[in-house]
Amino acid sequence: METAFALFDRLFFGLVLKLPAEADIAAINLAAHDEQDEEQSRYRDFIYDMMSAVDSKVSALLTHISLIIAALVFIYSSRAAARASVFLKNTIMCEIVAYLLLTVFCLRCIRMTTRLSSGSAAAENNALAIELYKRRATYNWTSNVTVFVTVATIVTLVLGSVFGL
């Protein structure tokens, strides 16, 4: 399963987000941290606090996406949709698929983090910082695309009801 996650990460981060390689991300590290346990512990706590903030934002985004999927499925299966044009039905189906794909990206943001490095505390913190960087980039991209798809959904529903597409 980890191999599948690694493949997804490599494809998504490299092709879609165009993020730099992990070695370059490590160089972006905000501050140089030495090997002192107390300093590493504070830094790790900071990273986990930031991950918690990302998790909260992703949870809210996932709630929005889930509600929109439910509404679109309800509309798609209603009697009115049975009389709607093929164009409108296909557009709604494409929007449902888009939201389902956005759900996958949200789930990537909240994937459980296990020990990422078998090295020192500094190496573990660096691996966590890289994971945080990836989660924030994924959340930002997913949030922006969700806004776009939501606006497209609103336009589709308004045009469908006003002009009977």
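Thr 150 has its place in helix H6, where helices are DSSP runs (H or I) of at least four residues and strands are DSSP runs (E) of at least two, numbered from the N terminus. The model is a predicted one, in which local features need pLDDT of at least 70, side-chain atom pairs count only at pLDDT 80 or more, and totals for chains, interfaces and linings use all residues. Residues are numbered from 1 along each chain as its sequence is written, and side-chain values use heavy atoms, with hydrogens and water left out.

Thr 150 counts as buried because its relative accessibility is 16%. Buried means under 20% relative accessible area, exposed means over 50%, and partly exposed lies in between (1.4 Å probe, protein chains only). The side chain of Thr 150 is joined to that of His 64 by a polar contact of 3.0 Å. A polar contact is a pair of N or O atoms within 3.5 Å; within protein, one must be able to donate a hydrogen and the other to accept it, and residues adjacent in sequence count only if both atoms are side-chain atoms. If neighbours within four places in sequence are left aside, Thr 150 is in contact with His 64 and Tyr 99. Contact here means heavy atoms within 4.5 Å.

Now consider the protein as a whole. It has six helices and zero strands, and along the sequence the pattern reads α-α-α-α-α-α. The protein has 165 residues, of which 33% count as buried. Among the contacts with a separation of 6 or more, 79% are between residues 24 or more positions apart. The accessible surface of the protein is about 10,000 Å², and carbon and sulfur atoms hold 66% of that surface. Accessible areas come from the Shrake-Rupley method with a 1.4 Å probe; for residues, only the protein chains shown count as cover.

The next topic is charged side chains. The structure holds three salt bridges, a salt bridge being a side-chain nitrogen of Lys or Arg within 4 Å of a carboxyl oxygen of Asp or Glu. One of them pairs Arg 135 with Asp 55, with the closest N and O atoms 3.7 Å apart. This pair links distant parts of the chain, since Arg 135 is in helix H6 and Asp 55 is in helix H3 (residues 37–77), 80 residues apart. Arg 135 counts as buried because its relative accessibility is 3%, whereas Asp 55, at a relative accessible area of 26%, is partly exposed.

Glu 131 forms a salt bridge with Arg 108, and the closest N and O atoms of this pair are 2.8 Å apart. Here too distant parts of the chain are linked: Glu 131 is in helix H6 and Arg 108 in helix H5 (residues 86–109), 23 residues apart. Glu 131 and Arg 108 are both buried.

A salt bridge also joins Arg 135 to Glu 131, where the closest N and O atoms are 3.0 Å apart. Arg 135 and Glu 131 are four residues apart in helix H6, so about one helical turn separates them. Taken together, Asp 55, Arg 108, Glu 131 and Arg 135 are linked in a network of salt bridges.

Leu 157 counts as partly exposed because its relative accessibility is 31%. Apart from neighbours within four places in sequence, Leu 157 is in contact with Ile 75 and Ile 92. Leu 157 and Ile 92 are 65 residues apart along the chain, and their C-alpha atoms are separated by 8.6 Å.

Leu 159 is in helix H6 as well and is partly exposed, with a relative accessible area of 33%. Leu 159 belongs to a nonpolar patch on the surface, formed with Val 147, Val 151, Ile 154, Val 155, Val 158, Val 162 and Phe 163, and the patch has about 730 Å² of accessible area together. Patches are made of residues with over 30% relative accessible area and no salt bridge: like charges are joined within 9 Å, and nonpolar side chains (Val, Leu, Ile, Met, Phe, Trp, Tyr) within 5 Å.

The cysteines come last. A disulfide is a covalent bond between the sulfur atoms of two cysteines. Counted as pairs of cysteine sulfur atoms within 2.5 Å, disulfides come to zero here. Cys 109 is in no disulfide, and the nearest cysteine sulfur, that of Cys 106, is 6.2 Å away. Cys 109 counts as buried because its relative accessibility is 1%, whereas Cys 94, at 53% relative accessibility, counts as exposed.
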